Amino acid sequence: MVYSILGGISKCKKKMKNITCSQVLRMRETRWTTPSNGCFKMNVDVVFNEQTRAIGICAIIRKNKGKVMAMLSEKLDGLLSLKHAKAKATGISLLWARDISLNLQSLESDAMVLVQALNNGMGCLSKFRNLLLDIISLFSLFLGIKVKHIFHEANEAAHRLAKLAL
């Protein structure tokens, strides 16, 4: 069971007598979880190769019970910052999902800055903001899509496939 830090230390002490609070702070959901019945979930990730100045991107779309419906693995030339690369990969992946006519209900990424910006609005004026606006406009193609942050360990399949793109 995963407990949130937001519950506070006192809640932690009451619920878990044999586990220290510092252990609870290190706990996190590290496994991929299946989408709801009949729904499609997309996981997106990127990998860098600084020597070749390339970025590998990957998107995996799965249905309930984890059945893979489609995969995208692509190499992009050039280096971007991590947040720009993850935003660009998300935009490319959404366009691809539209092109293969799969109606996504869920998008997961281990890029917390990106997920927070997409869910809470954008406070910055930069190239990153333009990428966010592009992604948000693509959301209109997928009715009710939800964006969720996951930890890197739960995004391992997408990460491995992004490596293969390089």
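My entries below go from the overall fold to single residues.

**Ground rules.** I am working with a predicted model, where local features need pLDDT of at least 70 and side-chain atom pairs count only at pLDDT 80 or more, while totals for chains, interfaces and linings use all residues. Residues are numbered from 1 along each chain as its sequence is written, and side-chain values use heavy atoms, with hydrogens and water left out.

**Overall fold.** I started with the secondary structure and found six helices and five strands. I took helices (H or I, at least four residues) and strands (E, at least two) as DSSP runs, numbered from the N terminus. Along the sequence I read the order α-α-β-β-β-α-β-α-α-β-α.

Next I looked up burial, where buried means under 20% relative accessible area, exposed over 50%, and partly exposed in between (1.4 Å probe, protein chains only). Of the 166 residues in the chain, 40% are buried. The accessible surface of the chain is about 9800 Å², and carbon and sulfur atoms hold 54% of that; these areas come from the Shrake-Rupley method with a 1.4 Å probe, and for residues only the protein chains shown count as cover.

I then checked contacts, meaning heavy atoms within 4.5 Å. Among those in the chain with a separation of 6 or more, 66% are between residues 24 or more positions apart.

**Helix α3.** I went to α3 (residues 82-99) and counted 18 residues. From first C-alpha to last, α3 reaches 26 Å, close to the 26 Å expected at 1.5 Å a residue; the expected span is 1.5 Å times one less than the number of residues. Its buried residues are H84, A85, K86, A87, A89, T90, G91, S93, L94, W96 and A97. I looked for what covers them and found, among others, β1 (41-49), β2 (54-62), β3 (68-77), β4 (106-109), α4 (112-120) and α5 (127-139). After the helix comes S101, with a positive phi near 60 degrees.

T90 is buried, at 1% relative accessibility. Leaving out residues up to four places away in sequence, T90 touches V44, L107, L114 and I135. From T90 to L107 it is 17 residues in sequence and 8.9 Å in space, C-alpha to C-alpha.

**Salt bridges.** I searched for salt bridges (a side-chain nitrogen of Lys or Arg within 4 Å of a carboxyl oxygen of Asp or Glu) and found five in the structure. One of them joins K41 and E108, at 2.9 Å from N to O. K41 sits in β1 and E108 in β4, so this pair ties together parts 67 residues apart in sequence. Both K41 and E108 are buried.

K86 and D110 form another, at 2.4 Å from N to O. K86 is in α3 and D110 in the loop between β4 and α4, 24 residues away. Again K86 and D110 are both buried. I also noted that D45, K86 and D110 are linked in a network of salt bridges.

R98 and D99 pair up as well, with their closest N and O atoms 2.7 Å apart. Here R98 is partly exposed at 40% relative accessible area, and D99 is exposed at 53%.

**N155.** My next stop was N155, in the loop between β5 (146-149) and α6 (156-165). N155 is buried, at 1% relative accessibility. Beyond residues up to four places away in sequence, N155 touches N43, V44, D45, D110 and I150.

**Helix α6.** Which residues of α6 are buried? I listed A158, H159, L161, A162 and A165.

**Cores.** Last, I looked for nonpolar cores, each a set of buried Ala, Val, Leu, Ile, Met, Phe, Trp, Tyr and Cys residues joined through side-chain atoms within 4.5 Å. The largest has 34 residues, and M42, I61, L94, L104, L114 and F139 have the most contacts inside it. At least two residues of this core come from each of β1, β2, β3, α3, α4 and α5. Apart from this core lies another of six residues, including I60, A158, L161 and A162.
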